[in-house]
Each structure stands twice: as C-alpha cells, then as structure tokens.
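Subject: Structure for you to look at

Hello,

Here is the structure I promised to pass on. Please open it first, then read my notes below.

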Amino acid sequence: MKFVVQRVKEAQVNVEGKTVGKIDNGFLVLIGVTHTDTKEIADYLIKKLVNLRVFKDDNGKMNLSLNDINGSLLLVSQFTLYADCSGGNRPSFIEAAKPDMANELYEYIISECKEKISKVETGIFGAEMKVSLINDGPVTIILEK
C-alpha cells in the first residue's frame, strides 16, 4: 500500500464538472493498493498518516500533526501509484490490486480516518477525477508498507 501525502492549503476533486470533495488546511492523500495489502497494513499507514508531524509550530518547526492543527483529509484512490515502467514506455498496472479489493480497502481507510479526523473528504473510486491543490511548502511524503 502506498500513500502519497501532500500538505496542502487547499485541495479539491471534481468529477464531471462537479466538486465531490474539498478541504482547506490538511493533507491530500493519493492511495494505491496492491494485491498483498490488508486492513492491518492500512491501519499501520493510517496511524502514521494522522500522527505525521509536518505542520509548523509557533517556532516554525515541523512539529505538529493533523489533529494538532484541526486539519482535514482529502482521500483519493489512485491505482497508477503501482505503475511499472521498467519494461517499456507504456506502464503496466499488474501490481495494482483488482478493483473490488482496492475499493474495499479504500472504503475501509475512509471509515477509519473518519473516526480519527473531524473532516474527511474523498474522491470517487474508479471515476475520472480532476484533482487540484495548493501544496504547502511544498511538502510531499510517501508512506508505504
């Protein structure tokens, strides 16, 4: 499982011209799922995510977590995080989990995050999405297990 975590001032996801998820200060998280992923792996990454101390404290040091700043999450499923380009110029996606399994884990991640963070927004699994953001820093961190 991979989480690409971007610290943002704002982010939103549009599907067919309609905004389906929008946040202010927090994390935009792109989520990739592979065949061997489990709820236990998701739990590990969720714990890392919500406790990740990359927001600035009063001294300007990255020392605060999402909860410390009352930040939000925008969770977006992205199977292309498991693209393999080693065999040519056209990516292979055989390492990405099948849609049923990936969606089940994505929904699990959403429900677990909602128990820990006050505002959680999402994209739509499998949809053609337009994601926009203002990356703060920029700070982008990859969490994987």
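**Surface and overall shape**

The accessible surface of the protein chain is about 8,200 Å², and carbon and sulfur atoms hold 47% of it. Accessible areas come from the Shrake-Rupley method with a 1.4 Å probe, and for residues only the protein chains shown count as cover.

Two notes before you go further. This is a predicted model, where local features need pLDDT of at least 70, side-chain atom pairs count only at pLDDT 80 or more, and totals for chains, interfaces and linings use all residues. Residues are numbered from 1 along each chain as its sequence is written, and side-chain values use heavy atoms, with hydrogens and water left out.

The protein chain has 2 helices and 8 strands. Helices (H or I, at least four residues) and strands (E, at least two) are DSSP runs, numbered from the N terminus. Along the sequence, the pattern reads β-β-β-α-β-β-β-α-β-β. The radius of gyration is 15 Å, close to the 15 Å that the globule rule gives for 145 residues, so the chain is as compact as a globular protein of that length. That radius is taken over C-alpha atoms, and the globule rule is 2.2 Å times the number of residues to the power 0.38. Along the principal axes, the C-alpha atoms fill a box of roughly 45 × 35 × 30 Å.

How much of the chain is buried? Of the 145 residues, 43% are. Buried means under 20% relative accessible area, exposed means over 50%, and partly exposed lies in between (1.4 Å probe, protein chains only).

Now the contacts (heavy atoms within 4.5 Å). Take those with a separation of 6 or more: 73% of them join residues 24 or more positions apart.

**The nonpolar cores**

In soluble globular proteins, nonpolar side chains tend to be buried together. A nonpolar core here is a set of buried Ala, Val, Leu, Ile, Met, Phe, Trp, Tyr and Cys residues joined through side-chain atoms within 4.5 Å.

The largest core has 31 residues, and Phe 3, Phe 27, Leu 73 and Leu 75 touch the most other members. Which elements give two or more residues to this core? They are strand E1 (2-15), strand E3 (26-32), helix H1 (39-51), strand E6, helix H2 (99-116) and strand E8 (129-144). H2 supplies the largest share, 7 residues. Apart from this core lies another, of 12 residues, including Val 8, Val 13, Leu 30 and Val 76.

Look at Phe 3 as an example. Leaving out residues up to four places away in sequence, Phe 3 touches Val 29, Leu 30, Ile 31, Leu 45, Ile 46, Leu 49, Ile 109, Ile 141, Ile 142 and Leu 143.

**Two buried loop residues**

Gly 71 sits in the loop between strand E5 (62-64) and strand E6 (72-77). Gly 71 is buried because its relative accessible area is 3%. Beyond residues up to four places away in sequence, Gly 71 touches Asn 25, Leu 66 and Ile 117. Gly 71 and Ile 117 are 46 residues apart along the chain, yet their C-alpha atoms are separated by 7.7 Å.

Thr 34 is in the loop between E3 and H1. Is Thr 34 buried or exposed? Thr 34 counts as buried, because its relative accessibility is 9%. Neighbours within four places aside, Thr 34 contacts Met 1, Tyr 82, Glu 95, Ala 96, Ala 97 and Met 101.

**Salt bridges**

A salt bridge is a side-chain nitrogen of Lys or Arg within 4 Å of a carboxyl oxygen of Asp or Glu. The count by this rule is 4.

- Lys 9 pairs with Asp 136, with the closest N and O atoms 3.8 Å apart. This pair links distant parts of the chain, E1 and E8, 127 residues apart. Lys 9 is partly exposed at 44%, whereas Asp 136 is buried at 19%.
- Lys 116 pairs with Glu 112 at 3.6 Å between the closest N and O atoms. They are separated by about one helical turn, because they are 4 residues apart in H2. Lys 116 is partly exposed at 35%, and Glu 112 is buried at 17%.
- Glu 128 pairs with Lys 130, with 3.7 Å between the closest N and O atoms. Glu 128 is exposed at 63%, and Lys 130 is exposed at 52%.

Salt bridges that share partners also join Arg 7, Lys 9 and Asp 136 into one network.

Best wishes
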